[in-house]
Structures are given as structure tokens and as C-alpha cells.
Amino acid sequence: MWRSGTGAAVPLVATQRLCGCLALRGRPAAPGRRAPRPPGRVADAAGAGRSQRRSQCSRAQGLGAQGGEEFPLIDCGPLFSRRGSDAEVARAITIGTMRDALERRGFFYAAGVRPLPAEYIAEVYEYARKAHALPAAVKAAWVRPRGTYSGADVGDPELAYEKGTTSSARSWDYQRAQTAPYGYPAEDVLAPSFTSFLDALYCKQDELSRALFVAIAEMFGLEADTFSKHCAGDMGTIRLMYYPGFVEGERADAGITAHTDFEALTLMHQDAPGLQLIPRDTGTWVDAPVRPGEFIVIVGDVLERWTNGALRATPHRVVQTLHPRSSIIRFLAVHPETLIEPLPLFVSEACPRRYTPVTMRRHMETTLQQLEQGGGAWDVERNVSLTATREYT
Ligand SMILES: O=C(O)CCC(=O)C(=O)O
Ligand SMILES: [Fe+2]
């Protein structure tokens, strides 16, 4: 159904089995590229390599720095057009730069996302503002167990990723599979209706999703539809999130405590500071800058498991701020029955299988069950995700 064949003008493929523990050969170095690091989850590697990174950063194309930290910036324009040899070259360079960012940092800022221009994102924030401004009594009609709305304002706060913590986040969550009796606000409550507005956004995000999944397959020399063929009927979610800042009488340890997302990728947009990430190569928390025309793309559990750790899910959290903050989050998931297990390309004698097979549905259900039972999703002592590496029997 989706684009197939690479058509890349510059060979981007690796000619050997890949994993997080082998140096990669057989493709051109992306601008500013460094040798891949050995495996190790969120090890505290701060300091080591930092000055080297800074100097590379200043001369590299496509890399933006803020406060001495590097936030890879990818112009996704070339992923949406494929005509002519110049376009092929631009596409190949984009994919190479994206691979470097994902392997080394675990995230990038996406610019040039044609289906989601800044004016449209402003409209989404405005819609979210109206949805969050609905009276608590109205919102309370859409609380868990299915999680259409959650928030301390209706006595149903976000589930705790770090055990025992309380989150200040309020969220309207949209999932296509969501059915009665929960449903979503109709036009008489919120116009346009929640389903029609959010589904239109979902479709636009899907255009970026397809482009990213195809690019990620191509960067490893896999068939272009390796990941995207699993997206029909996906278990994705849009979250319209609101963090009120300081609220008299409301206790909150964080906006949202540390975790990795359970899906393949996450698209994030924020209108104010608060989001923090752990880049793979430094292992320490950094503030993610607010950039209105760009989306933050981070790796989730599913891509970590599929790539046997060649890509790692990016830990993130939202700190408790005094100012209010909104964000638009889209989890890019796959079909519930898709089996997630390390792909053969990433498994070898030198790089044995590190993750047990699990379907998308089971991974989601197990994780949510753990959260509902208060088990959390983050190992606070070891500072690692419990979900990315969870062993299934
Ligand atoms: O609000 C944000 O920026 C992050 C939200 C988040 O991490 C989540 O809902 O999983
Ligand atoms: Fe998240």
C-alpha cells in the first residue's frame, strides 16, 4: 500500500548485520557523524565526548545547538518529494543525517513537515484549549478506564511512570479504536466534534509517520515498507496535553515522570518549556527547546526491540513548571497483532537477540496493567525504562 523500493541515489545501506554493538560500515558518513557508541542503556557518559561533540556540532550541517547541547535538526522536506536526481540526493542525505541523529542521540527536531504547517498546529492548540476549558463535570464523563480524559481536576490523574509520584498533566486522548460507552465529546459539547477534528489531525500525522517509517527502513537497507506495512489499523494515540503550572492546593511531583514511550516513534510539539530528554550518547537529562515550526521525534520501545537495540527508546519527562504548558503528542504505533521481535538484520553471533517477542497489543496491555497496579514504567534506582526491555514469556 505504501511506497516501496529505495530509489536512493547514494547507497545508504549497511552491508552487514547491524546492532548497537558493532561499528557500521558500507554507507557514507552523515555530516558530523561519529563512530557508534557501544551499547549501554542511559549510562552516565556525560563529560566524555562532550567537547568533541561541541566542535563537531559547530561545523556540522543539520545540527543545531542550544545551551551547549546539540539538538539535531532534520529538514524533512526531501522525504515528501521524490522527483529528479537532485531530490534523490537530498533524500539520501536527509536519511543519512536522520540515522546519525537517531543512533547517536535517540531523537531529532523535524522541520519542513508539509502536512503539519505552523498555522495548522496553532489551530490544534486552540482546539485543545477549548477542550481543556470544558467544565470539570463535563470532562469527568470521559475518564478512565479507557482514558479518554485524565487529570487531577477530575480526580483521575495521569498514571505514575515513576512509582508513587503524582503528575500534574491533564490529557484528552484520541484513539481510533475507542468505542462506546466512552466515546468522545460530540458537536453539542465541543465543535467541531472531537472525533472529526482529531481524526483529521491523525491523518496528517500519518503522512509524516509513513515518511519516517520508510526513511528508517531505508537507512538500514531494509525493504521500504518493513515498518510502514504494519501501520494500517494501528494502536496510535493523540494526546492533547495541558499542564496548568502551579495550582493552589494541588500536589504534583512532576508534569510527567520519567519513561519511554511504548510505541515505535513519538511526535511531540510543545508551546512552552518543560520537556526533558536523555540523549543516548550523554546519558543525562537535557531541556528540550521550544521550537514552534518543528516536531520532536523520539524513538519508542517498539523500534528499540525491532532493531535489537541499534536504536534505543528515548527516556523523557516533563518537569513541574510554574507556567502553564500545552503539548500535542502522537504515538506512532503499529497494528495490535504485529509481532515485535528483533529483525534478522540486527541479530548475529556477535550481537545476540536481546529482546523477547511480543505483539503490539500485549506490550501495550501489559504496560498499562503495570501502571494501573502502581508498578510504574521506570526503574528509579537504575535510571532505566522498565518497558523497553521487558521480558515476555
Ligand atoms: O507533554 C509532553 O511533552 C510529554 C508527554 C509524554 O511524554 C507522554 O504523554 O507520554
Ligand atoms: Fe512520553
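Colleague: Which residues are closest to ligand 1, and how many surround it?
Modeller: In this predicted model, 14 residues surround ligand 1, and the closest are Arg 239, Tyr 243, His 259, Arg 325 and Ser 327. A residue is near a molecule if one of its heavy atoms lies within 4 Å of it. E13 (325-332) is among the strands that each supply at least two residues of the shell, and E13 gives the most, with 4 residues. Strands here are DSSP runs of E, at least two residues long, and helices are runs of H or I, at least four, all numbered from the N terminus.

Colleague: What makes the pair between Tyr 243 and ligand 1 a polar contact?
Modeller: A polar contact is a pair of N or O atoms within 3.5 Å; within protein, one must be able to donate a hydrogen and the other to accept it, and residues adjacent in sequence count only if both atoms are side-chain atoms. A polar side-chain atom of Tyr 243 lies 2.6 Å from an oxygen atom of ligand 1, so the pair is within the 3.5 Å limit.

Colleague: Which atoms coordinate the iron ion (ligand 2), and why are they called donors?
Modeller: They are NE2 of His 259, OD of Asp 261 and NE2 of His 316, at 2.1 to 2.2 Å. Donors are N, O and S atoms within 2.8 Å of the metal (3.2 Å for Na, K and Ca), so these atoms qualify; water is not among the atoms, so the site may look incomplete. In sequence the donor residues are spaced H-x1-D-x54-H.

Colleague: Why is Arg 105 called buried?
Modeller: Its relative accessible area is 0%, and buried means under 20%, exposed over 50%, partly exposed in between (1.4 Å probe, protein chains only), so Arg 105 counts as buried. Arg 105 lies in the loop between helix H3 (84-104) and strand E3 (107-111). Its side chain makes a polar contact with the side chain of Asp 281 at 2.8 Å, and one of its polar atoms lies 2.7 Å from the backbone oxygen of Glu 70.

Colleague: What makes Asn 308 stand out, and is it buried or exposed?
Modeller: Asn 308 has a positive phi of about 55° although it is not a glycine. At 0% relative accessibility, Asn 308 counts as buried.

Colleague: How should I read the numbering and the cut-offs?
Modeller: Residues are numbered from 1 along each chain as its sequence is written, while chains are lettered from A and ligands numbered from 1 in the order in which they are written. As the model is predicted, local features need pLDDT of at least 70, side-chain atom pairs count only at pLDDT 80 or more, and totals for chains, interfaces and linings use all residues, while side-chain values use heavy atoms, with hydrogens and water left out.
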